[in-house]
Amino acid sequence: MQKIDLKKELQQLYQPSAKEVVQVDVPTMNYLMIDGEGDPNTSQVYADAIEALFAVSYAVKFMIKKGPLAIDYGVMPLEGLWWADDMATFSVEDKSSWKWTMMIMQPDFVTVAMIDSAIADVRKKKNPAAISRVRFEPLAEGTCAQILHLGPFSEEGPTIEKVHAFIEARGKRIGKHHEIYLSDIRKADPSKWKTIIRQPLDQTSQVC
């Protein structure tokens, strides 16, 4: 049985410092994804999405562990892309207009056939409400700025501003606001929550 630690192998992406914003090159990676919209704190659609994503991710993990590959790995953390059609309305005070893609990264040895088999298995055993909305596709972010935020989501503002200032000194913001949730918020003290804040950047507009 081969054991791998994906967060350790990808530590530049999943173990950043909380002290300073850094620039990283994010390779194309494959994710299980579900799209939705509305306030994540009150939306049943959001809760259903999280349930389905983790159910399929764990089904894939155990399929691979018990199968010919015999690889044991930890399921990766939940991640989210956040935006609004009118970014002027994108604020932490009013989340009702937020749109999101929640996702969990899958190892590069996971295939479409494995995902299809895992979805079928989950549908048969649990049939979570959002199972039909799960999709498997690559995400290419390229050059990004990121930092680790410590504390509750409601206090992310200054951390996000640091990321934006870092980008504006080098180019311009592109893509979607990306968060990676390293803590189990059901158990951890909010003051100790760990969230990676990531934002793609375009350096072609950099002033020389």
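# Structural briefing: strands, cavity and selected residues

All five of the five residues of strand E10 (residues 177-181) are buried, so this strand is largely enclosed by the rest of the structure. The model is predicted. Strand E10 pairs in the antiparallel sense with strand E5 (residues 78-83), and four bridges join E10 to E11, again antiparallel. The cavity count comes to one at 30 Å³ or more. The points below are grouped by topic.

**Strand E10 and its partners**

- Both faces of E10 are covered. On one side lie His-177, Glu-179 and Tyr-181, and on the other His-178 and Ile-180, every one of them buried.
- The pairing of strand E5 (residues 78-83) with E10 runs over five bridges. Within this pairing, Tyr-181 of E10 has Leu-78 opposite.
- E10 is joined to E11 by four bridges. Here Glu-179 has Ile-197 of E11 as its bridge partner.

**Strand E8 and its partners**

- Strand E2 (residues 22-26) forms an antiparallel pair with strand E8 (residues 142-150), and five bridges connect them. Gln-146 in E8 stands opposite Val-22.
- E8 also pairs with strand E11 (residues 194-202) in the antiparallel sense, over seven bridges. In that pairing, Ala-145 faces Gln-199 of E11.

**Gln-199**

- Gln-199 belongs to strand E11. Is the residue buried or exposed? Gln-199 is buried, because its relative accessible area is 5% and the cut-off for a buried residue is under 20%.
- The side chain of Gln-199 reaches the backbone oxygen of Ile-174, at a distance of 2.7 Å.
- With residues up to four places away in sequence left out, Gln-199 touches Cys-144, Ala-145, Val-163, His-164 and Ile-167, among others. Its contacts also include Arg-173, Ile-174, Gly-175, Lys-176 and His-177.
- Two of the relationships above involve Gln-199 and Ala-145: Ala-145 stands opposite Gln-199 in the strand pairing, and Ala-145 is listed among the residues that Gln-199 touches.

**The largest cavity**

- The volume of the largest cavity is about 30 Å³.
- Which residues line the largest cavity? The lining consists of Leu-6, Ser-57, Tyr-73, Gly-74, Val-75, Met-76, Ile-104, Met-105, Gln-106 and Pro-107.
- Strand E6 (residues 99-106) gives the most to this lining, with three residues.
- By class, seven of the lining residues are nonpolar and three are polar, while no charged residue takes part.

**Loop residues with positive phi**

- Most residues other than glycine have a negative phi.
- Ala-70, a residue other than glycine, has a positive phi near 50°. Ala-70 is located in the loop between helix H3 (44-66) and strand E4 (71-73). Its relative accessibility is 24%, so Ala-70 counts as partly exposed.
- Asn-127 likewise is not a glycine, yet its phi is positive, at about 50°. Asn-127 sits in the loop between helix H4 (112-125) and strand E7 (135-139). With a relative accessibility of 45%, Asn-127 counts as partly exposed.

- Gln-12 is part of helix H2 (residues 11-14). The relative accessibility of Gln-12 is 43%, and the residue therefore counts as partly exposed.
- Apart from neighbours within four places in sequence, Gln-12 is in contact with Val-24 and Gln-146. Gln-146 is the residue of E8 that stands opposite Val-22.
- Gln-12 and Ile-131 are 119 residues apart along the chain, and their C-alpha atoms are separated by 31 Å.
- Glu-161 lies in helix H5 (residues 157-168). Why does Glu-161 count as exposed? Glu-161 is exposed because its relative accessible area is 56%, and the cut-off for an exposed residue is over 50%.
- The C-alpha atoms of Glu-161 and Asn-30 are separated by 28 Å, the two residues being 131 apart along the chain.

Note on methods:
Residues numbered from 1 in each chain as written. Predicted model: local features only at pLDDT ≥ 70, side-chain atom pairs only at ≥ 80, totals over all residues. Heavy atoms only, no water. Buried < 20%, exposed > 50% of the residue type's maximum accessible area, 1.4 Å probe, protein only. 1 Å grid on protein atoms, 1.4 Å probe; cavity = no way out; pocket = protein on both sides within 12 Å on 5 of 7 lines; lining within 4 Å. Points joined across faces, edges and corners; volume = space filled by probe spheres on them. Nonpolar A, V, L, I, M, F, W, Y, C, P; charged D, E, K, R; others polar. Pairing = 2+ DSSP bridges. Polar contact = N/O pair within 3.5 Å; in protein donor to acceptor, adjacent residues only side chain to side chain. Contact = heavy atoms within 4.5 Å.
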